[in-house]
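Subject: Structure handover

Hello,

Here is the structure I promised to pass on. Please open it next to this email and follow along.

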Amino acid sequence: MSWNYSTIRAELRSGVLWATIDNPPINLIDEQFVADLIALLDDTETDGSVRVVVFRSADPDFFIPHVDLERIAEYTAVAATSGGPDDGSLGTLFRRLSEARPVTIAVLEGRARGAGAELLYACDMRFASAEHALIGQPEVGTGVFPGAGAVRHLVRLAGRGHAMQVILGSEDLDAREAERIGLGNKVLPDADLISYVERLAERVAGFPEAAVRLAKRRINAASLPPKEDVQVDAARFQVLARDPASAARVDALMQRGLQERSRTELEYGAVLGEL
């Protein structure tokens, strides 16, 4: 199998596919990234040599900051090609990621916000840099709604109160706080992070596949929300994304450097409080 994608650099080692997100300038989710994620899921579904997929970022500042707010219609149309007629959303694509044949692990070394954080939640496990990882759901502060799984995952991972705080507060959480409320498996120093994940990924990749797949499937059955709930949240995001008040707030953020390598993106939670 040739692992060739435009926005994801992939390398297969010892049954582990290292999928490095590389979509300059700051790894926004756009239609090309969505197409590449679909292609990667298609490829790993049919190639039995891939037992584990590890997602990380080529950008030290950003894992994925959020969707490209100027390309919502375009990436949504591409996401619709991944499933049936009712699956035209990022949320249902991330649901497919949760149900993927390989085990999926996310390594967070920079910022993951909005749909970037929702991709993290969709993975089977999450490990973070103690020094540099930040996670947040800035949608409500921006004037929209987390429509790609945050509501469903946060309530299950962190509980109702913490879900309210993260989503309604729209503030950034550092790695230790995210771990404390249940959003991450483990926080490690940069010097130890990749070696720890590599050992774990290769360990899982070496176990009997039938046992791993059955365990993952039954854990998903006990923990994932109904697909219909994901579709409802995706539809709500699309409604608010077209609201004039939300558009005005997004425009104000764009004038402050949103979607550029700027203080707004680096300190999004703080900037929302200044609007």
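Start with helix H6, whose buried residues pack against H3, H4 and helix H7 (160-169). Keep in mind throughout that this is a predicted model.

**H6 and its buried face**

H6 spans residues 150-158. Its buried residues are Ala-150, His-153, Leu-154 and Ala-158. Seen down the axis of H6, they fall within an arc of 95°, so they line one face of the helix. Just after H6 comes Gly-159, with a positive phi of about 95°.

**H4 against H6**

How do the axes of H4 and H6 cross? They come within 10 Å of each other, at an angle of roughly 50°. H4 and H6 are therefore oblique to each other. The crossing of H4 past H6 is left-handed. On the H4 side, the contact is made by Glu-118, Tyr-121 and Ala-122. H6 contributes Ala-150, His-153, Leu-154 and Leu-157.

**H3 against H4**

Now turn to H3 (90-98) and to H4, which covers residues 115-122. Their axes come within 8 Å and cross at roughly 30°. Angles under 35 degrees count as roughly parallel, and H3 and H4 are therefore roughly parallel to each other. H3 passes H4 in a right-handed crossing. From H3, the residues in contact are Leu-90, Phe-94, Leu-97 and Ser-98. They meet Ala-115, Glu-118, Leu-119 and Ala-122 of H4. Note Glu-118 and Ala-122: they are listed in the contact with H3, and also in the contact with H6.

**H11**

Helix H11 runs from residue 227 to 241 and has 15 residues. Its first and last C-alpha atoms are 22 Å apart, close to the 21 Å expected at 1.5 Å a residue. Which residues of H11 are buried? They are Val-230, Asp-233, Ala-234 and Phe-237. These cover an arc of only 100° around the axis, which puts them on the same side of H11. What do they pack against? Their partners are helix H2 (72-79), H3 and H6.

Most residues other than glycine have a negative phi, and most peptide bonds are trans.

- The peptide bond from Pro-24 to Pro-25 is cis, with omega near 10°. Pro-25 sits in the loop between strand E2 (16-21) and helix H1 (31-46).
- Ser-14 is not a glycine, yet has a positive phi of about 55°. You will find Ser-14 in the loop between strand E1 (8-13) and E2.
- Gln-259 is not a glycine either, and its phi is positive, at about 75°. Gln-259 belongs to the loop between helix H12 (244-255) and helix H13 (263-266).

Is Ser-14 buried or exposed? With a relative accessible area of 55%, Ser-14 is exposed; the cut-off for exposed is over 50%. Gln-259 has a relative accessible area of 11% and is buried, given that buried means under 20%.

That is the tour.

Best wishes

Technical notes. Residues numbered from 1 in each chain as written. Predicted model: local features only at pLDDT ≥ 70, side-chain atom pairs only at ≥ 80, totals over all residues. Heavy atoms only, no water. Helix = DSSP H or I, 4+ residues; strand = E, 2+ residues; numbered from the N terminus. Expected span 1.5 Å × (residues − 1). Buried < 20%, exposed > 50% of the residue type's maximum accessible area, 1.4 Å probe, protein only. Arc of directions from axis to C-beta. Contact = heavy atoms within 4.5 Å. Axes fitted to C-alpha atoms, helices over the stretch in contact; angles between N-to-C directions. Parallel < 35°, antiparallel > 145°, perpendicular 65-115°, else oblique. Left-handed = near helix turned anticlockwise from the far one by under 90°.
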